[in-house]
Amino acid sequence: MSKNKVKPLVTAVFASTLLLSGCGLFGKEVQKKVDPPKQVTVTDTNPTKETTGKNEEVEGSVKTELYLINKDGLVVPQTLTLPKTTSVATQALQYLVANGPVTDMLPNDFRAVLPEETQVSVNIKDGVAVVDFSKEFKNYQPEDERKILEAVTWTLTQFDTVEKVKLQMNGHDLTEMPVNGTPISENLSRATGINLDTAGVTDITNTKPVTVYYIGGEEGAYYYVPVTKRVNTSEKNNIVAVVNELVKGPDTKSNLASEFMPDVKLLEVPKIEAGKVTLNFNESIYGSFEEKIVSEHLLNALVLSLTEQKGIESVAVTVDGKAELVNDKGEKLSEPVTRPEKVNTGSF
């Protein structure tokens with residue numbers, strides 16, 4: 001097995017896991033987004049719905065990403081169908097509470113991250129979500145401290161009205177976590193990172209963070225896992241840095257995998273135009289040199305990773321300058337690929 005731990009993943013698993021917001025992986029039109037958050041999220045001009053701590057349910061349902069903890073202790077998005085409400089941000093955090101409403105919905109080998117009986121309210125204004133927890137918030141295990149910060153931040157920043165997060169407990173601002181004292185930035189954001197991997201980094205001061213997506217789970221129940229890695233600041237191009245980390249693969253001690261072979265290379269500097277990045281790879285991007293196909297899982301991980309970069313909305317892939325690619329289902333990849341509305345939507 002190579003250092004990036006390539007696994008023979010099952011294609012069918014991810015066929016239904018990504019609901020694409022534009023042209024899909026196969027260049028086909030896909031169904032419209034289901035209840036996108038911006039239709040029900042409280043706007044900056046009327047934040048009072050989120051401050052009540054109560055959810056006023058309305059007819060229908062909404063798909064929401066909940067950042068939960070898997071059996072390996074990683075924070076992973078799982079998209080669950082929740083009752084539609086006028087207070088989606090508050091509801092999302094309520095579904096992160098242990099032994100709360102999420103209990104009967106948890107995927108196998110996953111658990112909620114917030115302490116039992118924690119009460120929560122959210123006030124969104126000017127792109128900042130101020131979260132106020134009850135005193136039960138401090139009743140967590142020390143090893144969960146950073147996971148809580150990551151889960152809350154990434155769950156809330158899925159909503160269009162939230163760019164940053166500020167934490168309070170009983171109405172008082174938190175500058176550090178209450179158990180182990182992890183410092184809390186005044187405005188948490190996705191730039192803070194998730195599932196931090198500093199393996200092999202000796203001088204963190206000369207590095208910068210990039211978040212990439214690897215594959216976790218088991219056959220028949222795979223999912224994407226965001227991991228923030230530290231890359232040398234000498235690599236000025238973040239797109240190149242992301243591709244390099246996907247090729248390098250996850251820490252060999254983890255249970256994560258990548259479908260990028262170690263000899264995959266970019267043949268030229270990525271081209272960015274109007275939110276689209278075009279990548280030209282060598283033939284090692286193919287899963288099979290004989291069949292000249294590109295793995296769907298590889299493409300999914302690539303798109304998820306690159307669209308975490310500011311300004312990148314879609315990804316186009318060429319091999320040796322040629323754009324007529326085929327995926328492992330024999331379907332042509334004729335259009336740029338956009339990020340899915342929600343991640344890990346499959347029923348595992």
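Tutor: Start with a rule for reading sheets: two strands pair if DSSP finds at least two bridges between them. Strands of a sheet pair through backbone hydrogen bonds, either parallel or antiparallel. Keep in mind that this is a predicted model.

Now the sheet itself. Four strands form an open sheet in the order E10-E11-E12-E15, and the pairing is mixed. E10 and E15 (337–338) are the edge strands, and each of them pairs on one side only. Look at the E15 end. Strand E12 covers residues 314–319 and is joined to E15 by two bridges. These two strands run antiparallel. Val 315 has Val 337 of E15 as its bridge partner.

Go to the other end. Between E10 and E11 there is a loop, and Ala 274 lies in it. Check its backbone. Ala 274 is not a glycine, yet its phi is positive, about 50 degrees. Ala 274 is also exposed, with a relative accessible area of 78%.

H6 lies across E11, E12 and E15. Its direction makes about 135 degrees with that of E12. From H5, the contact uses Ile 239, Val 242, Val 243 and Leu 246. From H6, Ala 301, Leu 302, Ser 305 and Leu 306 take part. Sort these residues by class: seven are nonpolar, one is polar and none is charged. Now look at the spacing of the contact residues along each helix. An α-helix has 3.6 residues a turn, so residues three or four places apart point the same way.

Stay with H5. How many of its 11 residues are buried? Eight are, so H5 is largely enclosed by the rest of the structure. The cut-off for buried is under 20% relative accessible area. The buried residues of H5 are Ile 239, Val 240, Ala 241, Val 242, Val 243, Glu 245, Leu 246 and Val 247. Notice that Glu 245 is in that list. What do these buried residues pack against? H6 is one of their neighbours. So are the strands E10 (271–273) and E11 (276–281), along with E8 (207–218) and E9 (221–232). This ties H5 to the sheet where we began, through its packing against E10 and E11.

E4, residues 120–125, joins E5 by six bridges, and the two run antiparallel. Across that pair, Asn 123 stands opposite Val 130, and Lys 125 stands opposite Val 128. The hairpin of E4 and E5 has two residues between the strands. Asp 126 in this hairpin takes a positive phi near 55 degrees. Six bridges also join E5 to E6, residues 164–169, but here the strands run parallel. Val 131 stands opposite Leu 167 of E6. E5 also has two faces. Ala 129, Val 131 and Phe 133 make up the covered face. Val 128, Val 130 and Asp 132 make up the uncovered one.

Finally, step back to the chain. It has six helices and 15 strands. Of its 348 residues, 52% count as buried. Take the contacts with a separation of 6 or more: residues 24 or more positions apart account for 67% of them. The mean pLDDT is 85, and 82% of the residues reach 70 or more. One stretch calls for caution: over residues 7–49, pLDDT stays under 50.

Conventions: Residues numbered from 1 in each chain as written. Predicted model: local features only at pLDDT ≥ 70, side-chain atom pairs only at ≥ 80, totals over all residues. Heavy atoms only, no water. pLDDT = per-residue confidence, 0-100. Contact = heavy atoms within 4.5 Å. Nonpolar A, V, L, I, M, F, W, Y, C, P; charged D, E, K, R; others polar. Buried < 20%, exposed > 50% of the residue type's maximum accessible area, 1.4 Å probe, protein only. Axes fitted to C-alpha atoms, helices over the stretch in contact; angles between N-to-C directions.
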